[in-house]
Amino acid sequence: MKNKNVALLMAVAMGVTTLVAGYSPVMAEEKEGYTIGLAMNTQTNPFFVTVKEGVQKACDERGIELIVTDAQDDPAIQQKDVENLITKKPDAIIIDTCDSDAIVSSIEACNEAGIPVFTMDREANDGEVVSHIGYDAVKSGKLAGQFLADTLEGKGKIVELQGVMGTNVAQNRSDGFNEIIKENPDMEIVACQVADFDRAKAMSVMENILQANPEIDGLYAANDEMLLGALEAIEGAGRTADIVKCGCDALDETLDAIREGSVEATIAEPPFFLGKAILETAYNYLEGEEVEKVVILDNQLVTKDNVDDIVTKEE
């Protein structure tokens, strides 16, 4: 039986139409089909590749033309991407931001052009956005922190690998994690370093941390790509069994690692359903429906006890 939280997530992701007082939708026009621009922050990270797949699946089901750009994790490139999308005059633009501050001018340019903007995963710090959909990043950090606290019985030396700290997601995951750690005075963060949500960077950073710290009991990596990179370093040092490891995202590779026992936990934030949810929201808005200003999808802890119950994609 599927976990009811996952069922709720899927239900929300398939179509978000709850009404919010005071927000006026655009009136739908008679036309063959919509064109939507998708400004992705990157297409090398598996999480965001799967986000795009979710958007594309929903577009295919709705007969929507999708124009996709890849900023390669560079805010300057993303700004140019959005500028180019504006010239194509799409019906809406969806943005997964590289940087929550740097994207503001691009959103304002969309506002001036009269193109509705939707954001997902990472929020923008200003500009008019019709709707934002994401996961509760603070909750994700808390879930990870509580898992380590419970598993280590409230004591131990901990490493935290942080993501791109210019994004609200990285900041909020770290805040949530550290809130739990502070509640456990016998848990000490012996190293906290930025690895930018990147696997190769995380491997290099973790190699240095391992050399400097002969005793490490727990690791929290703020996404699975960093977790998997750190795992390579940990395995290379022969310390896999000594360190309790928790990531975030529930990538397929991480779920396999949990089944195999090399990783203890991750936080499920399925990117496929995030992509479908934002596209459905944009479509509903263009059809003249009112949509929520902010939608938070459900997330949950994944361990060996429930890994086979987690649904991350549609068949």
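Trainee: Before we start, what should I keep in mind about the model and the numbering?

Mentor: Residues are numbered from 1 along each chain as its sequence is written, and because this is a predicted model, local features need pLDDT of at least 70 and side-chain atom pairs count only at pLDDT 80 or more, while totals for chains, interfaces and linings use all residues. Side-chain values use heavy atoms, with hydrogens and water left out.

Trainee: OK, how many helices and strands does the chain have?

Mentor: The secondary structure comes to ten helices and twelve strands, where helices (H or I, at least four residues) and strands (E, at least two) are DSSP runs numbered from the N terminus.

Trainee: And what share of the residues is buried?

Mentor: Buried residues make up 55% of the 315 residues in the chain; buried means under 20% relative accessible area, exposed over 50%, and partly exposed in between, with a 1.4 Å probe and protein chains only. Among contacts (heavy atoms within 4.5 Å) between residues at least 6 apart in sequence, 76% join residues at least 24 apart.

Trainee: Switching to cysteines, how many disulfides are there?

Mentor: A search of the whole structure finds zero disulfides, a disulfide being a pair of cysteine sulfur atoms within 2.5 Å. For Cys248, the closest cysteine sulfur is in Cys246 at 7.7 Å, which is too far for a bond.

Trainee: Is Cys248 buried or exposed?

Mentor: Cys248 is buried, with a relative accessible area of 0%, and Cys59 also counts as buried, at 0% relative accessibility.

Trainee: Now Glu160, where does it lie, and which side chain of opposite charge is nearest?

Mentor: Glu160 lies in strand 6, residues 155-162. Glu160 is buried yet has no salt bridge, and the nearest side chain of opposite charge, Lys182, is 9.7 Å away. In this count Lys and Arg are positive and Asp and Glu negative, with His and the chain ends not counted, and a salt bridge is a side-chain nitrogen of Lys or Arg within 4 Å of a carboxyl oxygen of Asp or Glu.

Trainee: What does the side chain of Glu160 pair with, then?

Mentor: The side chains of Glu160 and Asn178 are joined by a polar contact of 3.1 Å. A polar contact is a pair of N or O atoms within 3.5 Å; within protein, one must be able to donate a hydrogen and the other to accept it, and residues adjacent in sequence count only if both atoms are side-chain atoms. Not counting residues up to four places away in sequence, Glu160 touches several others, including Phe177, Ile189 and Tyr220.

Trainee: Where is Asn178 found, and what does it contact?

Mentor: Asn178 is found in helix 6, residues 168-182, and leaving aside neighbours within four places in sequence, Asn178 is in contact with Glu160 and Ile189. Asn178 and Gly145 are 33 residues apart in sequence and 7.2 Å apart in space, C-alpha to C-alpha.

Trainee: Back to salt bridges, how many are there by that rule?

Mentor: The count comes to 20 salt bridges. One of them joins Glu280 and Arg62, with the closest N and O atoms 2.8 Å apart; this pair links distant parts of the chain, with Glu280 in helix 10 (residues 271-286) and Arg62 in helix 2 (residues 46-62), 218 residues apart. Glu280 is buried, with a relative accessible area of 3%, whereas Arg62 counts as partly exposed at 37%.

Trainee: What about Lys139, which residue does it form a salt bridge with?

Mentor: Lys139 forms a salt bridge with Asp298, the closest N and O atoms being 3.2 Å apart. Here too the pair links distant parts of the chain, 159 residues apart: Lys139 in helix 5 (residues 137-151) and Asp298 in the loop between strand 11 (294-297) and strand 12 (300-302).

Trainee: Which residues are linked in a network of salt bridges?

Mentor: Lys57, Glu61, Lys276 and Glu314 are linked in such a network.

Trainee: Last topic, backbone angles: what is phi of Asp249?

Mentor: Phi of Asp249 is near 130°, a positive value in a residue other than glycine. Asp249 sits in the loop between strand 9 (244-246) and helix 9 (252-260), and at 3% relative accessibility Asp249 counts as buried. Asp196 has a positive phi as well, near 55°, and counts as partly exposed at 28% relative accessibility.
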